[in-house]
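Visitor: Could you take me through the terms used for this model, setting each value against its cut-off?

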Amino acid sequence: MAASPSSDHLPAQAIELKGLEKVYAATNRTAAKHALKGIDLVVPQGSFFGLLGPNGAGKSTLINILAGLVNKSRGMVEIAGIDIDRHPRRARLAIGVVPQELNFDPFFTPREIIDFQAGLYGVPARERRTEELLDAVGLLEKADAHARSLSGGMRRRLLIAKALAHRPPVVVLDEPTAGVDVELRRSLWRYMRKLNESGVTVILTTHYLEEAQELCDRIAIIDQGQVVACDTTEHLLRRLDEKHLRVTPLVPPATMPPELLAAGWSLDDQGRLNVHYKAAQAQAGQLLQTLADAGVVIADLTTSEPDLETLFVRLTHRD
């Protein structure tokens, strides 16, 4: 695995954005587009940070500004404490981006691709960790095969190794598991967790919200060029103070007892009793006691609560 710079030499914030705006000028075919509208955002150093949003929300524009591929219209951007306007080359050295698209020469070998990328960033030959990186992503045996001969999963892993060639303290993963199989997805996440544990800040964009919920310790949701939520994953999920309790009675009631209706219970077409409740206002034990008082014998029960997808839809729904 590529070693990251010592945390003693890194600022508290891996990324800091203040008033970031991007306006794409009008053309003969399209009107002007205000892609980012005053984004204020902080990504703590060492975090596994989720950057989520629907298509067209502004995520790609933000990532391209960080990568130096798009010029911002106004605002301040710092990467690892480095202002991208004052020190653009140093800022680009501090970040590695794993894009959605394959962006390497298919006629090069993985070894040549990693060496070439390190050279572009000025890494001396003696300090390059080409074999270490290829080994970390499981491509050491394919080090001298042409990239065009690699499977889709191997190419995806090669993109990660390429982004790490200059040992950046911040890595952006732009939809890294789109279109890959389950086994490869799991292996990629195992590697990225190890990388994050070594001190590298990982920023993830994905439409697989269950991945973001499992992996990320902090999440920002962007919609229509604005940050609509940003907090720890735990605190974001606490916003949805809702739970669902479903009970399968041993003998389904023919009609609902009035005391159960008063407590919020309902009967579905499969004979199961359901209740939605707020954890801050009621406890499952109290609700189950209402069933016992009504003479209901429980055969089975399940509980569930809203996930990140529920919150995402509520925050970004257009209706």
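The conversation below turns to cysteines and then to one threonine.

Guide: This is a predicted model, in which local features need pLDDT of at least 70 and side-chain atom pairs count only at pLDDT 80 or more, while totals for chains, interfaces and linings use all residues. Residues are numbered from 1 along each chain as its sequence is written, and side-chain values use heavy atoms, with hydrogens and water left out.

Visitor: How do you know that C216 is in no disulfide?

Guide: A disulfide is a pair of cysteine sulfur atoms within 2.5 Å, and by this rule the count is zero. For C216 the nearest cysteine sulfur, that of C230, is 11 Å away, and for C230 the nearest is that of C216, likewise 11 Å away.

Visitor: Why is C216 called buried, and what is C230 called?

Guide: Buried means under 20% relative accessible area, exposed over 50%, and partly exposed in between (1.4 Å probe, protein chains only). C216 has 5% relative accessibility and therefore counts as buried, whereas C230, at 30%, is partly exposed.

Visitor: What makes T201 buried, and which side chain does T201 join in a polar contact?

Guide: T201 has 0% relative accessibility, so T201 counts as buried. A polar contact is a pair of N or O atoms within 3.5 Å; within protein, one must be able to donate a hydrogen and the other to accept it, and residues adjacent in sequence count only if both atoms are side-chain atoms. The side chains of T201 and Q45 are joined by such a contact at 3.3 Å, and the T201 side chain also reaches the backbone nitrogen of G46 at 2.7 Å.
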